[in-house]
Amino acid sequence: MPLEQGLPNNEDLVQLSWIGKLLGVMISGEGERFKVGQQQFVVRNGIPRSEKLLSETQSQTKDAFGFIWSESTRFKSEKSLEFLTEWYKSHYGDIANAHWWSDYGINPLLLDAGCGSGISSLGLFGERLKRVQYLGVDVSNAVEAARNRLKASGVEGAFLQTSLMDLPLSDSSVDVIYSQGVLHHTDSTELAIKSLAAKLKSGGRFLFYVYRRKGPIREFVDDFVRDKLQGISSEEAWRAMLPLTKLGKLLGDLNLEIEIPEPIALLEIPAGKINLQRFFYWHVLKAFHHPDMSLEELNHINLDWYMPVNAHRQTAEQVRTWCTDAGLAIEREHLQESGITVIARKK
């Protein structure tokens with residue numbers, strides 16, 4: 001799917017100059033190559049991009065998300081964007097007006113670690129993005145979609161295309177890090193948390209969401225479907241996912257409720273009333289449904305889950321341990337069947 005292309009304009013050059021100062025190098029413009037530490041970068045379409053080779057799994061993840069999130073025509077309807085915004089806020093709270101922003105002075109540095117197409121940052125931070133220095137980083141070329149989306153909302157951010165595990169930023173240099181649904185797509189969620197935490201200043205905040213381990217049937221199906229999608233093209237994976245997405249929509253449109261009379265401990269299924277679609281969703285397979293989303297948007301969400309080969313699931317206990325080891329004190333923890341949301345402060 002083609003990206004919107006174009007030569008850097010004056011705003012891009014201003015952002016390149018700012019990135020250069022942040023990285024401690026001089027960047028003059030398009031096509032320039034520069035080095036930070038042992039990592040080589042080249043500026044293409046106004047964005048510095050790492051030329052470092054990735055692991056096989058990270059390379060696959062890069063290609064998967066380049067396909068999934070570089071398409072800028074999805075999630076533009078008012079209802080779908082409202083749903084996503086409410087989802088982010090229900091997990092993190094009213095971050096745009098959090099009391100702790102004053103801890104970081106004027107124009108704090110906000111690192112969006114794994115920015116994708118920029119939807120989550122716009123949804124969670126809103127107008128706050130106009131009062132920070134925003135740096136969006138992603139391993140895929142979705143950084144271009146993010147730049148375009150933020151510009152359309154009046155936000156001027158700077159962008160880098162590189163792995164989160166190789167950020168060319170100095171330790172203790174960032175005020176706030178946001179990483180929505182990204183850390184589990186690296187080679188190691190634990191190492192990703194610890195690597196990014198090192199970039200935070202003392203007192204800085206780390207906001208992130210990671211996948212949570214689910215029951216045995218769902219875990220088996222997740223891995224089974226993910227394995228089936230490996231070795232085929234992105235377009236083939238999109239088409240292969242559509243019947244599953246249509247099943248989820250069918251179950252959702254039925255709007256039926258069932259009651260599990262007693263806990264099924266062997267399968268980690270609790271007792272109680274539950275919508276039939278949600279029963280399948282939480283305990284059998286991810287077949288997302290929302291009445292206000294198009295079939296294409298539903299398929300996008302399902303493919304976002306199944307396509308990347310790196311998609312680690314973890315327990316709340318693991319995440320708590322990793323945060324402690326990284327010098328992070330958890331201030332807010334939101335646990336849901338699907339994932340674990342954390343706001344932590346660097347000690």
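Visitor: What is a salt bridge, and how many does the structure hold?
Guide: A salt bridge is a side-chain nitrogen of Lys or Arg within 4 Å of a carboxyl oxygen of Asp or Glu. Side chains of opposite charge can pair when their charged atoms come close. In this structure, which is a predicted model, the number of salt bridges is 18.

Visitor: Which residue forms a salt bridge with Glu144, and how far apart are the closest N and O atoms?
Guide: The partner of Glu144 is Arg49, and since the cut-off for a salt bridge is 4 Å, the pair qualifies with its closest N and O atoms at a separation of 2.5 Å.

Visitor: How many residues apart in sequence are the parts that Glu144 and Arg49 tie together, and is Glu144 buried or exposed?
Guide: Glu144 belongs to helix H5 (residues 142-152), whereas Arg49 belongs to strand E3 (residues 47-50), so their pairing ties together parts of the chain that are 95 residues apart in sequence. As for accessibility, both Glu144 and Arg49 are buried.

Visitor: Where does Lys199 lie, where does its partner Asp171 lie, and how many residues apart are the parts tied together?
Guide: The salt bridge between Lys199 and Asp171 has its closest N and O atoms 3.4 Å apart. Lys199 lies in the loop between helix H6 (189-197) and strand E8 (200-211), and Asp171 in the loop between strand E6 (158-161) and strand E7 (174-180), so the parts tied together are 28 residues apart in sequence.

Visitor: Which residues are linked with Arg313 in a network of salt bridges?
Guide: Arg313 forms a salt bridge with Glu219, with the closest N and O atoms 2.9 Å apart. This pair links distant parts of the chain, 94 residues apart, with Arg313 in the loop between helix H10 (295-306) and helix H11 (316-325) and Glu219 in helix H7 (residues 216-229). The residues linked with Arg313 in the network are Glu219, Asp223 and Arg226.

How values were computed:
Residues are numbered from 1 along each chain as its sequence is written. This is a predicted model: local features need pLDDT of at least 70, side-chain atom pairs count only at pLDDT 80 or more; totals for chains, interfaces and linings use all residues. Side-chain values use heavy atoms; hydrogens and water are left out. Helices (H or I, at least four residues) and strands (E, at least two) are DSSP runs, numbered from the N terminus. Buried means under 20% relative accessible area, exposed over 50%, partly exposed in between (1.4 Å probe, protein chains only).
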